[in-house]
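These are my notes from one sitting with a single chain. I wrote down each thing as I looked it up.

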Amino acid sequence: MTLADLSRQVLQTAGARDKAAAARAVARAYADDPAMSLGDTGAQDRPARPDEPPLMRPGAVPRRRINRGTKGRVALLHALTHIELNAIDLAFDILARFADAPLPRAFFEDWLKVGDDEARHFLMLDDRLRELGSHYGEHPAHDGLWEASEKTAHDLMARLAIVPMVLEARGLDVTPAMIDKLDAAEDPESAALLRIIHDDEITHVAAGTRWFKYLCTIEGSNPVDRWQDLVRTYFKGDLKPPFNDDSREKADFGWEYYGALVEQDGPTTDATP
């Protein structure tokens, strides 16, 4: 089996926890065989998904308020768990869809690590939901993240520009405020999970930025200008402040990239959603 074959198996796994387990198994298989063939390019249009949760338009999903006791915290954690499930598919879709990309093996190893991280995050959050008397699939969710994948299915540079450098970077912005609210709600267990996820996501944004810059070097383009052009083309709406500039800088993704695309006078480290 090639890495692309194994990645397609992850995408074709419907059960949420089964998908996460399959993702982690691919990472272990590659660790045992680091010379594994990358395989042939190809991925299905949509990954297999569980029957629940029902998917709604992003604006139709009920708002999550942590201050509404356990119910509010469960709704928040469920939304984050859904994001992590999407993130598993996004990582393995890159490994399968762009298996023949003109990139060093380190690119695929980076994205395999991202996929393994996202699977670990999903399982941590779903375990926490179960501790709180819930589980993934109990609340409605939206399909916005996979829509970003569909729009960029034909272009690896666009995929990197939108998924890690817009969507995952937004996670860096909003997670610290969620951690503060969970601490205030006396839920240190959930807050600790979000701290782990936030720190891992810095490395994911860094990987997206690093390989986006690499591709720009190959084609002889300016990374900042190229990224801004792709965001204007593939991302609907403006980039919204506040921004966690400290975490973005740790990912080597500075204000020079996103500053021109927001209506704001300068950077801010406030990450209140």
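In which loop does Glu 186 lie? I found Glu 186 in the loop between α6 and α7. Helices here are DSSP runs of H or I with at least four residues, strands are runs of E with at least two, and both are numbered from the N terminus.

Ground rules, before going on. The model is predicted, so I note that local features need pLDDT of at least 70, that side-chain atom pairs count only at pLDDT 80 or more, and that totals for chains, interfaces and linings use all residues. Residues are numbered from 1 along each chain as its sequence is written, and side-chain values use heavy atoms, with hydrogens and water left out.

Entry: backbone of Glu 186. I read a positive phi of about 60 degrees for Glu 186, which is not a glycine. Glu 186 counts as exposed because its relative accessibility is 70%. The classes I use are buried for under 20% relative accessible area, exposed for over 50%, and partly exposed in between, with a 1.4 Å probe and protein chains only.

Entry: another positive phi. Asp 252 also has phi at about 60 degrees, positive, and is not a glycine. I placed Asp 252 in the loop between α9 and α10. Asp 252 has a relative accessible area of 46%, so it is partly exposed.

Entry: cis peptide bonds. The bond from Glu 52 to Pro 53 is cis, and I read omega near 10 degrees. Pro 53 sits in the loop between α2 and β1. I logged a cis bond between Pro 241 and Pro 242 as well, with omega about 5 degrees. Pro 242 belongs to the loop between α8 and α9. For reference, most peptide bonds are trans, and most residues other than glycine have a negative phi.

Entry: overall layout. I counted 10 helices and two strands in the chain. Their order along the sequence is α-α-β-α-α-β-α-α-α-α-α-α. The C-alpha atoms fill a box of roughly 50 × 45 × 30 Å along the principal axes. For 273 residues a compact globule would have a radius of gyration near 19 Å, and the chain has 18 Å, which agrees. That radius is taken over C-alpha atoms, and the globule rule is 2.2 Å times the number of residues to the power 0.38.

Entry: Buried residues are 53% of the 273 in the chain. Of the contacts with a separation of 6 or more, I find that 81% join residues 24 or more positions apart; a contact means heavy atoms within 4.5 Å.

Entry: the largest nonpolar core. Which residues touch the most other members of this core? Phe 92 and Trp 227 do, in a core of 63 residues. Helices that each supply at least two residues of this core include α1 (3–11), α3 (69–97) and α7 (188–219). The most comes from α6, with 10 residues. A core is a set of buried Ala, Val, Leu, Ile, Met, Phe, Trp, Tyr and Cys residues joined through side-chain atoms within 4.5 Å. Leaving aside neighbours within four places in sequence, I list among the contacts of Phe 92 the residues Ser 7, Val 10, Ala 23 and Leu 112. Another core, of 15 residues, lies apart from the largest one and includes Leu 77 and Ile 179.

Entry: Arg 248. Is Arg 248 buried or exposed? Arg 248 counts as buried, because its relative accessibility is 4%. I located Arg 248 in helix α9 (residues 245–250). Beyond neighbours within four places in sequence, Arg 248 is in contact with residues including Asp 173, Phe 243 and Tyr 258.

Entry: Lys 113 and Ala 48. I placed Lys 113 in helix α4. Lys 113 is partly exposed, with 45% relative accessible area. Ala 48 is in the loop between α2 and β1 (55–56). Setting aside neighbours within four places in sequence, I find Ala 48 in contact with Leu 11, Lys 19 and Asp 89, among others.
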